[in-house]
Amino acid sequence: MTTQAKPSKLIKGATGDFEIVIGMEIHAQVTSRSKLFSGASTEFGGEPNAHVSLVDAAMPGMLPVINQECVAQAVRTGLGLEAQINLRSVFDRKNYFYPDLPQGYQISQYKSPIVGEGIVAVDVSPTEQIKVGIERLHLEQDAGKSLHDQSATESLVDLNRSGVALMEIVSKPDMRSSDEARAYVTKLRTILRYIGSCDGNMEQGSLRADVNVSVRRPGEPLGTRCEIKNVNSIRFIGQAIEVEARRQIGVIEDGGVVQQETRLFDPGRGETRSMRSKEEAHDYRYFPDPDLLPLEFDQAYVDALKAGLPELPDAKKERFITEYGLPAYDAGVLVADKETADYYEAAVRHGGATRDPKLVANWLTGDVAAYANSVGLSVAQTHIKPGQIASLVDLIADATISGKIAKDVLAILIGDEKDADPKDIVAARGLQQVTDTGAIAAAVDAIIKANPDKVAQAQAKPSMLGWFVGQVMKQTGGKANPQAVNDELKAKLGI
Amino acid sequence: MSVDQATVRRIAHLARIKVSDDDVPHLQEELNAILRFVEELASVDVEGVEAMTSVMPMPMKKRQDIVTDGEIADVILANAPEREDHFFKVPKVVE
């Protein structure tokens, strides 16, 4: 890569600027009922070694037979990444010794992966989009799980995860900051969830990231990279990159050389540390798995899977921009979660009516999102129904209530009257906006009469008007139409 | 191509197979015999010949995505040298 470094992405060392270069390997657990090469369940949890067949335990004589749904999921995901789908791919054995890998090798794809190069568009901020290249996606088996903390001298092994299908998605080294890396993983997770090929649950380990980090002075060739293994949250990915880049810059500025190695991120101590590098650890001695024929399918199979894909986030975002006139950023926020995007459309179209799409978007990305975040849910997961949002927006649109009163109504929906129609809340509590000019005029007259000094001030300094508006609103319990109050005050004060 | 004794020991270590010093020369000769045989194959001209992956031209067999196996923890653990409840128990291995 010899592209120009973006000055805004550079970080300062003691001896000048450095550029961070990041590439990622994401392991995404394929959503399927049974494992990649055996009929055992993929269900999370379960008693130790319950979801294990003789194939997963690598008993002698057992042969792998591929799960066609896992193949379909990999192809769908490849299509979602706008990637080359390889009609012929090959499974290889990646040999290494570890007790939670009973075969002594992982069945993976080395030279000929099922999916080749692709691209992901990533929104880093409201004003910046980057393209991250995909190097490849291949299918492989997950390993089992070792528990080390039960005894000082022994480890316990559970093979429930052994043989579950993973997609390893390898990016090109196209990211230049921790923000870009976090945005990339977020976007990738959104795409996987839309397609339904991975649930993206990082806590349960369905999505794990190995992050490759190197630094260089702008314009120089790529530096030596370190791989930070198994980072299990998007926040930690950002932190791990920051501290690892700082560490490497420190090594270089002290006149040292960065060693290529595998490191672990310790969130508690905020540092990365070298995994005791077993020499020869990377001698995997790959060779084609003689138990498996090449994986082959035709273009018609790929086309059929493509036809069955849902509308993907980028396409949905474009449609929200053109169909609802939303700003790109709002559209991006809404489509980041498929259920929220569906919720939005349900609210806009509720009851067959068409209501202001921008106003609905403002509520969903503003106050409703704030509430959802505060309770740790997505907008669609809250108890508030799209119909209630539609009703609330209609009340604002026909001037029955002001935006300020609408916030109060939302608070009531969140609090005491979870299932109520906002129309009924407004009616029952008499929250309708006062547009009756007689009533507003009376309130205005009363305030003017009570504050002759302020009247004189306001006439000299029209920005005082706000104080009068506030007083009138207070007197009317916030129900006066603010525009009508403004007009009345201006007329009466002669400003 | 041939392997030396150090390579034999390294391969054994990677596979976690215990090899005594007495066995090394014998294994070295066995491996070199295999390599000599493969080298002989390399003398055949295969220019333009597609690699054969199967004797029979047949597609890879595929399964439906149905749970048909598992829930046999006792069978899985039957030959385990050591176990604790339904876990395998192995000498401690930590990265």
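One term before anything else: buried here means under 20% relative accessible area, exposed means over 50%, and partly exposed is in between, with a 1.4 Å probe and protein chains only. And the ground rules: this is a predicted model, where local features need pLDDT of at least 70, side-chain atom pairs count only at pLDDT 80 or more, and totals for chains, interfaces and linings use all residues. Residues are numbered from 1 along each chain as its sequence is written, chains are lettered from A and ligands numbered from 1 in the order in which they are written, and side-chain values use heavy atoms, with hydrogens and water left out.

So, chain A. Its secondary structure comes to 15 helices and 17 strands; those are DSSP runs numbered from the N terminus, helices being H or I with at least four residues and strands E with at least two. The radius of gyration of chain A is 30 Å, whereas a compact globule of 495 residues would be near 23 Å. That is taken over C-alpha atoms, and the globule rule is 2.2 Å times the number of residues to the power 0.38. Along the principal axes, the C-alpha atoms of chain A fill a box of roughly 95 × 55 × 50 Å. Of the 495 residues in chain A, 52% are buried.

Now the annotation. UniProt, in an unreviewed entry, lists residues 342-493 of chain A as "domain: Asn/Gln amidotransferase". Positions are in the numbering used here, the feature names are shortened, and annotations may be inferred rather than shown by experiment. Over residues 342-493, chain A is 68% helix and 0% strand, with the end C-alpha atoms 49 Å apart.

On to some backbone angles. Most residues other than glycine have a negative phi. N230(A), though, has a positive phi, near 50°. N230(A) is in strand β13, residues 226-231 of chain A, and it counts as partly exposed because its relative accessibility is 45%.

Which loop holds E71(B)? The one between β1 (62-63) and α3 (73-76) of chain B. E71(B) isn't a glycine either, and its phi is positive, about 55°. With a relative accessible area of 51%, E71(B) is exposed.

Last one: T127(A), in the loop between β7 (118-125) and β8 (128-141) of chain A. Why does T127(A) count as exposed? Because its relative accessibility is 78%. C-alpha to C-alpha, T127(A) and I11(A) are 20 Å apart in space and 116 residues apart in sequence.
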